[in-house]
Amino acid sequence: MSVALFNALLELGDDHLILGHRVSEWCGHAPLLEEDLAMPNMALDNIGASRNIYTYAGEVEGKGRDEDQLAYLRLDREYKNCLLVERPNEDFAHTMLKQLYFSAFMEPYWQAALSSSDETIRGIAGKAVKEMAYHIRHAGEWVIRLGDGTEESAKRMKEAVEELTPYVEELFVMSADAQECADDGILPDREALRAQWNQTVANIFDQALLELPEVKYPQLGGRTGHHGEEMGFLLAELQYVQRAYPGMSW
Amino acid sequence: MYSQGLIGADGTTEETEEFLAAFQARIDREEKIEPNDPMPEGYRKTLIRQIGQHAHSEIVGMLPEGNWITRAPSLRRKAALLAKVQDEGGHGLYLYSAAETLGVSREQMTEELLSGKAKYSSIFNYPTPTWADMGTIGWLVDGAAIMNQIPLCRCSYGPYARAMIRVCKEESFHQRQGYELLISLCNGTKEQKDMAQDSINRWWWPSLMMFGPHDADSSHSEQSMKWKIKRFSNDELRQKFIDATVPQAEYLGLTVPDPDLKWNPEKNNGKGGYDHGEINWVEFWQVVKGHGQMNRDRIKARKKAWNDGEWVRDAALAHAEKRAARQTAQAAE
Amino acid sequence: MLRSPMLKNGLRVKPHKLQNREEKMSKETPLWEVFIRPRNGLSHKHCGSLHAADEVMALQAARDTYTRRGEGLSIWVVPSKSIFASDPDQAAENFEPGVDKVYRHPTFYDIPEEVGHM
């Protein structure tokens, strides 16, 4: 088995699961009914992608772990998601911006992964790339409306940009495992996607009357399991049934 | 997906005898009534009230199940639950749209829900403390709702009937996913099976209450039946539900919490059916009147979502105005 | 679904309201009618309605609401207020004259069998 690929897949799988978890928290509480349909669609896309990724990670590892064992039964330090996706929802502005930042990265990522040397990766990418393109559009349109809406919405949108932009850098960081997979042509080089991310976000920010702040001190740590305080509560919820009733099937 | 026997609809109407007779003749010929058609005020009011209650039930119904999305014990179950709760939002949306054809806006209906003026199905005022409740709600609550809803696909009011056809089509997976979830628990450990039994003990009676008061106490049923808004009486549907559900409980190896439940071969014109114990109507009315365990929490959650979302809705409208102004300006150039 | 314009003698009158709430009306998110083409070769068909502030959001909401089970390949959205309906009070004069023109239908004409299918 390839330890590097297994770990790099966990980075990807955890990003999707944790972001999907966050957006699923909105279900039933959206600002308008139409968004109560749109947000679960995004959550289902993210969680669906995580299932495919975990299943493959389990195969690569070869120890018989399935998607649920990987999703539910690790300790907090073993989750490798970037810090961006675990950030709390705060308000609709934060939520849509987080969704935009992530999908603006993942769309070109999956696009590049379409020419992976690994057939399973190509398969996962083929489905995910379309989902991410739609998330950019949906979250992007909201960022535009909130940025150029009312005084209050513009203020909230700016706050979200201030708060979340420092977490973007981690999307581009190559762990040793991700680097090894990139060298083998299995997974894309994250660093190489910077220009595309910038272009997507700049185009939307331009219409949203927002500016991308310069980040002097990026927030890093998720890839090495150094998570924020909110992550513990998220995992407590996610894992509750599996931890309270160990070894049962549901 | 959750309709309930209509509570407190006022079918009084003031049109002339000829008008009412001509309208009734259309209904009797099984003609559908469409939005622009002349209709008695009582018919319109009854529909607004019933479709509104139905829509609110879907929306409030997202809460007890939404409660478990982040805690679902497997990714497969999580995806199914999320899709199901999302469907309920969709069904609320279709139903609000159907009511809007009668000249009432979604915003007005929402405000009536939040002020406590409009009712919703009493079943959602019970809490969902365990994962097994996700199975029981799918099986019993969706099962009861389906019994109620299938006849509504033939309701005399076109937009309501069409919305219900869509709802019923989408909903076919809800009851199955709930029952399958319970099968997993019943095939599992003793703790899992106990969790399932405890859940049925809590949800059985409230599910029977979903069909509304006894026919004898349901003052507005008769007019609704005549107008073909309703096709079967509360008690008829309740009996059908019990007869269909008890064998399903037996298959799971679970018991229905009714010591008086007994097979009666004479029932249903000799086809047989179950006699059952008396429903606790005091509890039913307590919950309907707003004093169930979760009534306040449910409305509070809906108010919070609506109030917290106001700035988002306002921003979208403000942006739309700016866009439209820019487009007009561009066209003028 | 189309909100009733409440046509009376061909004139559009104010829709019936549960109560007088004019002051709030400006805050209502507009209603749209959604039409979906199930697959190429078929025409767009009315499938329901929704609320959205503008046409871009209406199209996205239509996609998220009405095509979750692969129901379509193309979407139209139309502001509900842009739809004008015929008056049901004029239904008789509008449509009944079309019912008895049997000569508009092919079966009205007798063609000898030996001529074959026509």
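Which residue forms a salt bridge with B:R326? Keep in mind as you look that this is a predicted model. The partner is A:D148, and the closest N and O atoms of the pair sit 2.6 Å apart. A salt bridge here needs a side-chain nitrogen of Lys or Arg within 4 Å of a carboxyl oxygen of Asp or Glu, and the rule finds three of them across the interface of chain B and chain A.

Let's step back and take in that interface. On one side, 46 residues of chain B are in contact with 48 residues of chain A. Together the two chains bury about 3900 Å², with carbon and sulfur atoms giving 67% of that area. In chain B, the residues that lose the most area to chain A are B:L75, B:Q86 and B:W311, which together make up 20% of what that side buries.

There are also 16 residue pairs in polar contact between chain B and chain A. Several helices of chain B give two or more residues to this side, among them α2 (41-66), α3 (75-100) and α12 (310-332). The top contributor is α3(B), with 14 residues. Sorted by class, chain B's side has 23 nonpolar, 11 polar and 12 charged residues.

Now hop over to chain C, where you'll find an open sheet of three strands in the order β4-β3-β5, with antiparallel pairing. β4 (45-51) and β5 (74-79) are at the edges with a single partner strand each, so one side of each has no neighbour in the sheet. Neighbouring strands are turned by 30° against each other on average, ignoring direction.

Zoom in on β3 (residues 31-37) of chain C: this strand pairs with β4(C) over six bridges. Along that pairing, C:I36 stands opposite C:K45.

Notes:
Residues are numbered from 1 along each chain as its sequence is written. Chains are lettered from A and ligands numbered from 1 in the order in which they are written. This is a predicted model: local features need pLDDT of at least 70, side-chain atom pairs count only at pLDDT 80 or more; totals for chains, interfaces and linings use all residues. Side-chain values use heavy atoms; hydrogens and water are left out. Contact means heavy atoms within 4.5 Å. Buried area is the accessible area (1.4 Å probe) that two parts lose on being put together, summed over both. A polar contact is a pair of N or O atoms within 3.5 Å; within protein, one must be able to donate a hydrogen and the other to accept it, and residues adjacent in sequence count only if both atoms are side-chain atoms. Helices (H or I, at least four residues) and strands (E, at least two) are DSSP runs, numbered from the N terminus. Ala, Val, Leu, Ile, Met, Phe, Trp, Tyr, Cys and Pro count as nonpolar, Asp, Glu, Lys and Arg as charged, and the others, Gly among them, as polar. Two strands pair if DSSP finds at least two bridges between them. Axes are lines fitted to C-alpha atoms, for helices over the stretch in contact, and angles run from 0 to 180 degrees between N-to-C directions.
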